[in-house]
Amino acid sequence: MRLISHINNDPKGDSCAMRRAALFQKLKMKKILSVVILMAVLVSCGDSAEEKKRLSRAERARLAKEDSLALKVGVLPTLDCLPLYVARQAGLFEKLGADIRLKPFDSQIDCDAALAKGRIEGNVTDVVRAERMKRQGRALKYATSTNAYWQLISNRKSRVNEIRQLEDKMMAITRFSATDLLGDLAVDSVKMKSENVFRVQINDPNVRLQMLLNNEMDAMLLTEPQATTARMMKNPVLMDSKQRDICLGAIVFREKDLKDKHRSKQYQVFLKAYNNACDSINKYGVSHYSELIKQFTKADERTLKALPKMHFHHAMPPRQKDIDKAVKWLK
């Protein structure tokens with residue numbers, strides 16, 4: 001009993017117990033503090049994520065509004081779009097006081113569909129497709145003709161060296177377009193039955209070119225720079241729209257959009273910037289803009305070096321005889 005009493009009254013024992021109690025209390029407080037901090041962080045993160053989401057929605061709404069107010073023009077991976085890209089690169093649209101945006105498309109059909117749905121106000125197309133859209137009830141205004149031309153080029157491995165040899169061969173075109181009209185003109189020029197040449201619809205000009213280079217197509221109609229690549233590979237040119245004095249490239253806008261004062265002002269800026277860009281190309285040459293052409297057409301270095309000299313005229317409507325030719329063919 002004395003021993004027990006001695007132990008219970010040992011001041012050192014009481015001291016150890018107190019230290020253990022204090023340590024336990026300290027650990028308990030640290031745990032509580034950690035939980036509190038963790039909860040604060042979680043709440044903070046939740047607020048931050050929600051705030052970011054809210055800001056993201058606001059930013060998207062702002063960008064969407066700006067895009068809706070801008071004049072949007074559909075462009076293609078073809079050289080007739082060069083003045084538009086030069087105008088954008090040089091900041092001509094902004095310098096002249098208008099928000100004009102280029103919207104790239106891979107094919108005329110996709111570009112025209114965007115115009116029909118009102119996703120863009122204008123686009124680069126051809127007279128045949130423009131007149132067809134008019135026949136479908138869409139009021140369009142020609143901003144300008146372009147210097148686009150098309151060449152009928154055959155696959156050298158198909159051993160087609162003249163148009164009459166296209167019988168029972170495959171020719172790539174885009175339906176109801178300049179390429180379709182020119183394909184008919186080529187066949188008619190040798191008094192061949194139209195049904196004896198198989199028309200294959202390949203809308204993307206770069207895909208069309210690859211099919212020629214991969215020996216998947218016997219012939220096709222190509223514009224620049226795709227035509228230059230095809231010629232470089234020693235594929236024969238059977239017909240050239242320039243030699244037939246046929247000019248079918250065009251840029252059009254929806255008339256109902258241009259009735260708005262804001263759009264009308266943007267349209268006038270578009271024309272002025274387009275003319276200034278044409279002057280720049282004519283002054284410095286197409287080769288001066290090789291890197292820009294490479295970006296939007298995906299042309300390789302050899303093609304860029306082999307591009308022909310081209311003149312880009314100021315904005316002017318297509319010739320009536322070209323419109324008449326398109327209308328007659330569509331009928």
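Start by selecting Cys81: its relative accessibility is 0%, so Cys81 counts as buried (buried means under 20% relative accessible area, exposed over 50%, and partly exposed in between, with a 1.4 Å probe and protein chains only). Before you go on, know that this is a predicted model, where local features need pLDDT of at least 70 and side-chain atom pairs count only at pLDDT 80 or more, while totals for chains, interfaces and linings use all residues. Residues are numbered from 1 along each chain as its sequence is written, and side-chain values use heavy atoms, with hydrogens and water left out.

**Stop one: the cysteines**

A disulfide here is a pair of cysteine sulfur atoms within 2.5 Å, and the structure holds zero of them. Cys111 is also at 0% relative accessibility and therefore counts as buried.

**Stop two: Asn123**

Cys111 is one of the residues that Asn123 touches, so select Asn123 next because it, too, is buried, at 0% relative accessibility. You'll find Asn123 in strand β3, residues 122–126. Helices (H or I, at least four residues) and strands (E, at least two) are DSSP runs, numbered from the N terminus. Now show side chains: a polar contact of 2.6 Å joins Asn123 and Asp112. Such a contact is a pair of N or O atoms within 3.5 Å; within protein, one must be able to donate a hydrogen and the other to accept it, and residues adjacent in sequence count only if both atoms are side-chain atoms. Leaving out residues up to four places away in sequence, Asn123 also touches Val73, Gly74, Leu115, Ala250, Ile251 and Val252, among others; contact means heavy atoms within 4.5 Å.

Leu84 and Phe270 are among the residues that touch the most other members of the largest nonpolar core, which has 78 residues. A nonpolar core is a set of buried Ala, Val, Leu, Ile, Met, Phe, Trp, Tyr and Cys residues joined through side-chain atoms within 4.5 Å. Color helix α11 (residues 261–284), which gives the most to this core, with nine residues. Apart from that core lies another, of 11 residues, including Met220 and Leu222.

**Stop four: the open sheet**

Which order do the five strands take in the open sheet? Follow β7-β6-β8-β5-β9, with mixed pairing. Two strands pair if DSSP finds at least two bridges between them. At the edges are β7 (198–201) and β9 (237–240), each pairing on one side only.

Zoom in on β5 (residues 151–154). Four bridges join β5 to β8 (residues 219–222), and the two run antiparallel. Gln151 stands opposite Leu222 in β8, while Ser154 has Ala219 as its bridge partner there. Toward β9, β5 pairs in the antiparallel sense over three bridges, with Asp240 as the partner of Gln151. Gln151 and Ile153 point one way from β5, Leu152 and Ser154 the other, and all are buried.
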